[in-house]
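Here is a short tour to read with the model open beside you. We will take a few spots one by one and see what surrounds them.

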Amino acid sequence: MTVHQFLSSTGRTGLRLATGVLAGALLAATAPTAGAAAAGAATAPGTAPGPTAARADGAALQQALADIVAAGGSTAALAEVREGARTTWRGTAGTADLATRAPVRADGYFRIGSITKTFVATVVLQLAGEGRLRLDDTVEHLLPGTVPGGSGITLRQLLNHTSGIPDYTDDPQFELENEADVLRWVDTGRWATYRPRQLVDIATAHPALFPPGSGWSYSNTNYVLAGMVVERLTGRSWEEEVRRRILLPLGLTRTSFPRSSPFVPEPHAHGYFSLSTGPVDVTLQSASGGSAAGSGISTTAELDRFLAALLGGRLLRPAELAEMQRTVEVRPGVGYGLGLQRMDSPCGPLFGHTGSVEGFQAALVGSQDGGRQIALSYNPFDRAKGAEQQRAVLGLLVKSLCPPAPAGGAAQAG
């Protein structure tokens, strides 16, 4: 049994969801009308209008959220849609705690996984805008002696996953091949503490995947290195720089990036693994294995506010935001920029990121102009319902970001 079979879309495999399955399925669900550039080609930000201003039906959104639990086999789900400066819908479904049957709270905290990368990339681009680094600086220049062949790898290639550096989570010590492996992780592995340099060394003990810039492969190691760059350049941790540069200016008091603490603040829905002996609560786990690639904790409201500010131009100058949205084509209609994923749709290009850690998955997606966002957290449980879960998640994203045009008239760009 492989980790893909055992954990379905949770855990390590969920990190791959961030760049392929979810985005690709969104395209299929919304039937894009424009072709994509050739694989590997860089494309400038699109000029298509953002999602229509027609408001999605709240009952339809609630049903779509409930489907993530009922049809998709999750224990809990919560989501919020934001348009302009206000929340237009929020909902919950499922059970926050299988032991107590406590209801899910709409204001609950959750692990955001790889959405952390968008925060880190924003700080790096702010530093670029200040002239403190260049995207074409090499890893060897920024972090001497850290990565073999670092003189041929640029900061841009770290941020858009074209560096060829292996993903440390692909190392055998992180693999869960069977139930015995999972039980060992539950008992001891989830409490392990890693320093960023340890994670990089685990990855670079393996050969490079391809020459820098010649391919694309999602690697969490790239963002651990980006976090190390921030620390070396500023003299402060990447967590502190995110707090100073993003959280404090936006008033995001419920977003955090713990280094090793295993706790999620209350209230929160619990995350579980489904084993042959029954459900195992895996909510508590060290955040150090995620580091700058995936350690974050937040809420739907704060993620929506962050993405609205980012895409709306409040955190980056136009030049740096354009670089962030300049993507490498991953598959037709799906691209990866600098800490942002792009998903083409009939209502315009959508930008955001998805994330996953054991027991938790999240999605943060919005219109290119920052006018509309949805933030979603859900807790996968029934591994046999992976396909149904993806369809249910897509149903919610499509209904919230590309609602039907108003009756009797064409949709207006928003």
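Which residues line the second largest cavity? In this predicted model, the lining is made up of Leu78, Gly108, Tyr109, Phe110, His268, Ala269, Phe360, Ser377 and Asn379. Sorted by class, five of these lining residues are nonpolar and four are polar, while none is charged.

The volume of this second largest cavity is about 30 Å³. Two cavities of 30 Å³ or more are counted in the model.

## The chain as a whole

Stepping back, the chain has 414 residues, and 59% of them are buried. Its secondary structure comprises 15 helices and 13 strands.

Is Thr118 buried or exposed? Thr118 counts as buried because its relative accessible area is 3%, under the 20% cut-off.

A polar atom of the Thr118 side chain lies 2.8 Å from the backbone oxygen of Gly339. Leaving aside residues up to four places away in sequence, Thr118 touches Phe306, Leu310, Met324, Gly339, Leu340 and His353.

Tyr336 brings us to strand 9, which spans residues 334-336. Strand 9 pairs with strand 8 (residues 327-331) in the antiparallel sense, over three bridges. Within this pairing, Arg331 is opposite Val334. The two strands form a hairpin with two residues between them, and Gly333 in the turn has a positive phi of about 80°.

## Backbone spots worth a look

Most residues other than glycine have a negative phi, and most peptide bonds are trans.

Which sense does the peptide bond from Glu266 to Pro267 take, cis or trans? This bond is cis, with omega near -5°. Pro267 is in the loop that runs between helix 11 (238-250) and strand 5 (272-275).

His161 is not a glycine, yet its phi is positive, at about 65°. You will find His161 in the loop between helix 7 (155-159) and helix 8 (179-187), and it is buried, at 0% relative accessibility. Ser291, also a residue other than glycine, has a positive phi near 50°. Ser291 lies in helix 12 (residues 291-294) and counts as buried because its relative accessibility is 10%, again under 20%.

Definitions and conventions: Residues are numbered from 1 along each chain as its sequence is written. This is a predicted model: local features need pLDDT of at least 70, side-chain atom pairs count only at pLDDT 80 or more; totals for chains, interfaces and linings use all residues. Side-chain values use heavy atoms; hydrogens and water are left out. On a 1 Å grid over the protein atoms alone, a cavity is a set of points where a 1.4 Å probe fits but cannot get out, and a pocket is an open set with protein on both sides within 12 Å along at least five of seven lines; lining residues have an atom within 4 Å of a point. Grid points are joined across faces, edges and corners, and a volume is the space filled by probe spheres set on the points. Ala, Val, Leu, Ile, Met, Phe, Trp, Tyr, Cys and Pro count as nonpolar, Asp, Glu, Lys and Arg as charged, and the others, Gly among them, as polar. Two strands pair if DSSP finds at least two bridges between them. Helices (H or I, at least four residues) and strands (E, at least two) are DSSP runs, numbered from the N terminus. Buried means under 20% relative accessible area, exposed over 50%, partly exposed in between (1.4 Å probe, protein chains only). A polar contact is a pair of N or O atoms within 3.5 Å; within protein, one must be able to donate a hydrogen and the other to accept it, and residues adjacent in sequence count only if both atoms are side-chain atoms. Contact means heavy atoms within 4.5 Å.
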